[in-house]
Amino acid sequence: MERSSSAQVKDVDNISKLPNDVLLLILSRLSTEEAIRTSVVSKRWEHVWKQLSHLVFDIPRIINSTELRDSLNRVDILITKVINNHRGHLESCVINHFPYHGVTGILNTWIQSVTCVKHTKVLTLTNDFLCRNPTNKIFDIPTNSFSHPSLMSLSLSSYILRSSHPLINCSNLKTLKLVLITAPEVGVFNRVLTSCPSLEVLVLDIVCVDNKSGVPLKIENNTLKVLHVQAMHYVDGIQVSATSLDILIIEDASFGRDGFFLRSPKLQFDRNFWAPGRFVPHMSYNISKEENSIVHEEYMNNIPRPFFRSVAIMAASMSVSVDLRNQTQVERLRQVLRLWTRKMMGLEIIFKQDYNDATTTEENSESWHKKFWKDNINKDAFPSAKFRVKTVWMNNFSGSEEEFAFASCLIRQGTVVDKMMIKTSSLPARKKLEIEAAVVKLEALQTEDERELTIHCF
């Protein structure tokens, strides 16, 4: 009796009875190799992996380095077979390869298969140049490799671009990330950027081997919303003209203040990357009220990891424009500031005052913002109990109820360590007196024992 019961238990396979969508969700938690291995579990599982929407081929992790050439041949054949046998919609593909794959041409075969045949939207390529290249040859990615209309996002890491040919005619790209990319001169990058007129997100970590021309990097793009410069070596300057730009980050640069030009109406800040008299990593962010913001999504999902690695080892600052009457913008400000893991050097805040915006009228916002700031004063710290900033500059401070509550919150919590600077120099005399009276009230929030923070008008 017990044997029969045991046999019945072994025959039960409830997981295989699940619909494909659920099985694919399970496989998505596995590596690509592990997901493919499930094809031998049973007939039911044989073809499920072929519907995966994301494939990752990390060749350096897969192969046995002691048998490099034999392992490469086996892995190359397997990857080609996997791509060819894939049947579903391939949303994204990651290929981490060796220089050998570029020299032999197999990399180009894979690129053409995933873009032109599988119509992949997101492609990430990394050249593992630390591996010994048996041929000692520098390979070139072929012309027009990334111009297929379906490809929207491209990330390249650790390549040498001897020309702009691989990236010509790329009006299809919305996102371009060039990380550890070397070119003979800045003109190569300028031609690449000209060939990508539809970009919304651009990330750069670039090196120019011989840039004696004095030509700056030129970014002229009115669709660009996010520009993140992780590093620019041997580049004499940067000129940015982008009317839609909402986020600008420069972590590291080899040029000085005179080599920096910015024309972006949404980023009208007084503070900049050289404000303390020397270059420091700086972020400028115009917070949007849009419900589905590609800008905020990029910030929360992709920017913090590399940016805050540099913040962890040196001082950094931030400029942000926000409407405190708009609930979406206030919540995004909280999310943004919570990501800072150490004391911020400086925070510049420009208060938006678009009173014609129907979403921010007193009728729509009064109830939520009164409760919001009351809760933060009495219970929850804004943006968090750990966030600290050395100096805060406030522009467009009108002394409104929400602005005063915001400033009070930062003082009571001890968020501002040294100085709170409120700009009044551009205001008419009467308004200036009103702001100065508000400053007196803010100073009164500190007890005699706590008067380490100074509050000034400038």
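**A few notes on the strands in this model**

1. Three strands make up an open sheet, running in the order β7-β9-β11, and their pairing is parallel. Strands here are DSSP runs of E with at least two residues, helices are runs of H or I with at least four residues, and both are numbered from the N terminus. Two strands count as a pair if DSSP finds at least two bridges between them. At the edges you'll find β7 (217-220) and β11 (260-263); each has a single partner strand, so one side of each lacks a neighbour in the sheet. From one strand to the next, the twist averages 5 degrees (axes are lines fitted to C-alpha atoms, and angles run from 0 to 180 degrees between N-to-C directions).

2. Before going on, a word on what you're looking at. This is a predicted model: local features need pLDDT of at least 70, side-chain atom pairs count only at pLDDT 80 or more, and totals for chains, interfaces and linings use all residues. Residues are numbered from 1 along each chain as its sequence is written, and side-chain values use heavy atoms, with hydrogens and water left out.

3. Back to β7. Its parallel pairing with β9 (residues 238-241) runs over four bridges. Leu217, for instance, has Ile238 in β9 as its bridge partner. As a reminder, strands of a sheet pair through backbone hydrogen bonds, either parallel or antiparallel.

4. Now for the whole protein. There are 14 helices and 17 strands. Of the 458 residues, 49% are buried (buried means under 20% relative accessible area, exposed over 50%, partly exposed in between, with a 1.4 Å probe and protein chains only). Among contacts with a separation of 6 or more, 67% are between residues 24 or more positions apart; contact means heavy atoms within 4.5 Å.

5. Have a look at β6 (residues 201-208). Seven of its eight residues are buried, so the rest of the structure largely encloses this strand. β5, helix α8 (residues 186-194) and β6 form a right-handed β-α-β unit. Right-handed means that, with the strands pointing away from the viewer, the path from the first strand over the helix to the second runs clockwise. β6 also pairs in parallel with β8 (residues 226-233), over seven bridges; there, Val203 has His228 as its bridge partner.

6. Strand β13 (residues 317-322) is worth a look too: six of its six residues are buried. One side carries Ser317, Ser319 and Ser321, the other Met318, Val320 and Val322, and both faces are covered. Between β13 and β14 the chain passes through helix α11 (residues 327-338), giving a right-handed β-α-β crossover.

7. Finally, zoom in on Ser321, which sits in β13. Ser321 is buried, with a relative accessible area of 6%. Its side chain makes a polar contact with the side chain of Asn286, at 2.7 Å. A polar contact is a pair of N or O atoms within 3.5 Å; within protein, one must be able to donate a hydrogen and the other to accept it, and residues adjacent in sequence count only if both atoms are side-chain atoms. Leaving aside residues up to four places away in sequence, Ser321 touches several others, including Lys266, Phe269, Tyr285 and Ile350.
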